[in-house]
Amino acid sequence: MGIKIIKRNGKSLKDKLYIFAIAGGMRTTLRHFLRNIKDNSNLITMQYPEVQPSDITPRYRGVHRLTKRDDGSEKCVACYMCATACPAGCIEIEATQRDDGQDEKRPKIFNIDLLECVYCGYCVEACPCDAIRMDTGIFSFTADKREDFVLDKNTLLSHTRKKEFGND
Ligand code: SF4
Ligand code: SF4
């Protein structure tokens with residue numbers, strides 16, 4: 001069986017000095033630097049957070065929201081389908097009876113822990129009432145306490161669909 005000997009590079013004095021490789025890299029960096037000083041319209045980096053991305057598509061899964069009925073109450077009927085489908089187990093629901101005469105339940109507690117959420121969208125897919133969506137366009141959520149990452153029902157109801165994604 002023939003054996004193919006591959007020549008190993010990097011053993012010459014020129015390779016070991018690294019100077020030529022470093023100079024080659026610096027030449028490329030300098031070329032981009034000078035080109036971008038003259039015209040920065042082709043820069044692919046964004047000065048985030050001062051500059052926010054404008055190309056978020058409607059299919060983007062952002063922070064959740066709970067949708068509302070025409071009377072302003074939540075559409076959610078506390079069926080637990082979303083919590084059952086959630087692979088992260090980060091949805092906490094406690095059901096209670098509705099007090100508006102409708103023969104349905106409503107969530108007394110509806111919490112989502114964003115620190116555990118993996119933004120898979122299974123909760124949205126599982127909901128039979130279109131009561132939960134991820135079309136807020138909120139892609140960056142910051143807080144300085146762990147508890148603040150747990151969104152409660154009122155916060156989720158206060159979120160709205162991102163304007164560019166259309167109307168409800
Ligand atoms: S997006 Fe996925 S992980 Fe997050 S709450 Fe929904 S089902 Fe759970
Ligand atoms: S959001 Fe939808 S799936 Fe989750 S409990 Fe409410 S109605 Fe059920």
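Two residues are in contact if their C-beta atoms, placed from the backbone, lie within 7 Å. By that criterion, and leaving aside residues up to four places away in sequence, Ile132 touches His64, Leu66, Cys82, Cys123, Val124 and Cys127. The model is predicted: local features need pLDDT of at least 70 and side-chain atom pairs count only at pLDDT 80 or more, while totals for chains, interfaces and linings use all residues. Residues are numbered from 1 along each chain as its sequence is written, and chains are lettered from A and ligands numbered from 1 in the order in which they are written.

**Overall layout**

- The chain holds five helices and five strands, where helices (H or I, at least four residues) and strands (E, at least two) are DSSP runs numbered from the N terminus.
- Their order along the sequence is α-α-β-α-β-β-α-β-β-α.
- The chain is more spread out than a compact globule, because its radius of gyration of 26 Å is well over the 15 Å that the globule rule gives for 168 residues. The radius is taken over C-alpha atoms, and the rule is 2.2 Å times the number of residues to the power 0.38.
- Along the principal axes, the C-alpha atoms fill a box of roughly 85 × 55 × 35 Å.
- Domain 1 covers 9-45 and domain 2 covers 65-165, with bounds from an automatic or database domain assignment.
- The C-alpha centres of these two domains are 50 Å apart.
- Among contacts with a separation of 6 or more, 70% join residues 24 or more positions apart.

**Burial and core**

- Of the 168 residues, 15% count as buried. A residue is buried if 20 or more other C-beta atoms lie within 10 Å of its own, exposed if 12 or fewer, and partly exposed in between, with C-beta atoms placed from the backbone.
- The largest nonpolar core has 15 residues, of which Leu66 and Ile132 touch the most other members. β2 (91-97) and β3 (105-113) each supply at least two residues of this core.
- Such a core is a set of buried Ala, Val, Leu, Ile, Met, Phe, Trp, Tyr and Cys residues joined through C-beta atoms within 7 Å.

**Ligand surroundings**

- Ligand 1 has 14 residues around it, and Cys86, Cys117, Cys120, Tyr122 and Cys123 come nearest. A residue is near a molecule if its C-beta atom, placed from the backbone, lies within 6 Å of it.
- The shell around ligand 1 contains 13 nonpolar residues, one polar and no charged. Ala, Val, Leu, Ile, Met, Phe, Trp, Tyr, Cys and Pro count as nonpolar, Asp, Glu, Lys and Arg as charged, and the others, Gly among them, as polar.
- Ligand 2 has 13 residues around it, with Cys76, Cys79, Met81, Cys82 and Cys127 nearest.
- The shell around ligand 2 has 13 nonpolar residues, no polar and no charged.

**Loop residues and backbone geometry**

- Most residues other than glycine have a negative phi, and most peptide bonds are trans.
- Tyr18, in the loop between α1 (13-17) and α2, has a positive phi of about 65°. Tyr18 is exposed, with 11 other C-beta atoms within 10 Å.
- Tyr80, in the loop between β1 and α3, has a positive phi of about 70°. Tyr80 is partly exposed, as 15 other C-beta atoms lie within 10 Å.
- Tyr48 and Pro49 are joined by a cis peptide bond with omega about 10°. Pro49 sits in the loop between α2 (19-38) and β1.
- Asp71 is in the loop between β1 (65-66) and α3 (81-85) and counts as exposed because it has 6 C-beta neighbours inside 10 Å.
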